[in-house]
Amino acid sequence: MGRLVYLMGASGSGKDSLLDALRHALPAGLVVAHRYITRPANAGAENHIALRDDEFNQRLEQGLFALDWQAHSCRYSVGIEIDHWMAQGCNVVVNGSRAHLDQAMQRYGQRLLPVCLQVSESVLEQRLRQRGREDREQIRHRLLRAAQYASGLPAHCQRLDNDGPLHETLAAFLHLLNQPVSAKNYDITSQKVSYE
């Protein structure tokens with residue numbers, strides 16, 4: 001049985017870049033899941049599957065999502081196919097939401113590996129300025145949210161530093177994925193998921 005690697009990080013921390021790099025250096029037995037999002041396919045950097053609201057609702061009602069949430073005026077989900085992949089022994093990486101980590105923990109229990117991508121305030125500010133999507137006030141707001149985000153992470157979340165070059169972060173991430181998961185890293189009661 002595989003595990004679910006739940007990657008989190010504040011806006012501008014580099015999650016999309018890390019996942020893109022991971023797709024180009026994908027080891028055997030590891031799958032990067034696409035998210036289903038109610039925004040156009042060409043909007044933003046994330047490689048996602050675009051759904052209209054009615055499509056999203058229909059799939060939700062049919063039980064085709066393993067996880068779903070709403071943020072930034074969009075709806076997000078990860079498909080139920082990840083459960084099949086894990087049942088086949090694959091480890092699955094998803095682009096997760098910190099606000100909905102509890103939902104993932106309740107569903108996957110000790111098979112969940114929460115990973116938080118972290119950057120220092122100065123590096124985050126530099127990256128936000130370079131990408132040019134936000135004005136000065138919006139950057140200030142994002143930096144504030146990032147600081148709150150970092151202070152609210154659970155103790156069992158694995159920290160991954162992304163201040164340096166992307167290839168170093170990728171190497172550290174791959175090393176982390178190769179480490180055995182110890183039950184003592186988790187402080188929740190596992191809820192079993194049936195794959196039958």
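Let's start with Arg129, which is partly exposed at a relative accessible area of 46%. Partly exposed here sits between buried, under 20% relative accessible area, and exposed, over 50%, using a 1.4 Å probe and protein chains only. Before I go on, a word on the model: it is predicted, with local features needing pLDDT of at least 70, side-chain atom pairs counting only at pLDDT 80 or more, and totals for chains, interfaces and linings using all residues. Residues are numbered from 1 along each chain as its sequence is written, and side-chain values use heavy atoms, leaving out hydrogens and water.

So, back to Arg129. Which residue forms a salt bridge with Arg129? That is Glu125, with the closest N and O atoms 2.8 Å apart. By salt bridge I mean a side-chain nitrogen of Lys or Arg within 4 Å of a carboxyl oxygen of Asp or Glu. Both residues lie in helix H5 (residues 121–131), and because they are four residues apart there, about one helical turn separates them. Glu125 is also partly exposed, at 26% relative accessibility.

Salt bridges that share partners also join Arg52, Asp54 and Glu55 into one network. Within it, Arg52 pairs with Glu55, their closest N and O atoms being 3.7 Å apart. Glu55 counts as partly exposed, at 26% relative accessibility.

Then have a look at Arg75 and Asp53, a salt bridge with 3.8 Å between the closest N and O atoms. This pair links distant parts of the chain: Arg75 belongs to strand E6 (residues 74–79) and Asp53 to helix H2 (residues 53–61), 22 residues apart. Arg75 is buried, with a relative accessible area of 18%, whereas Asp53 is partly exposed at 45%. In total, the structure holds six salt bridges.

What about disulfides? There are zero in the structure, a disulfide being a pair of cysteine sulfur atoms within 2.5 Å. Cys116 is buried, at 0% relative accessibility.

Finally, the whole chain. We have seven helices and nine strands, taken as DSSP runs numbered from the N terminus, with helices (H or I) of at least four residues and strands (E) of at least two. Of the 196 residues, 41% count as buried. Among contacts (heavy atoms within 4.5 Å) between residues at least 6 apart in sequence, 70% join residues at least 24 apart. The accessible surface, from the Shrake-Rupley method with a 1.4 Å probe, comes to about 10,600 Å², and 47% of that belongs to carbon and sulfur atoms.
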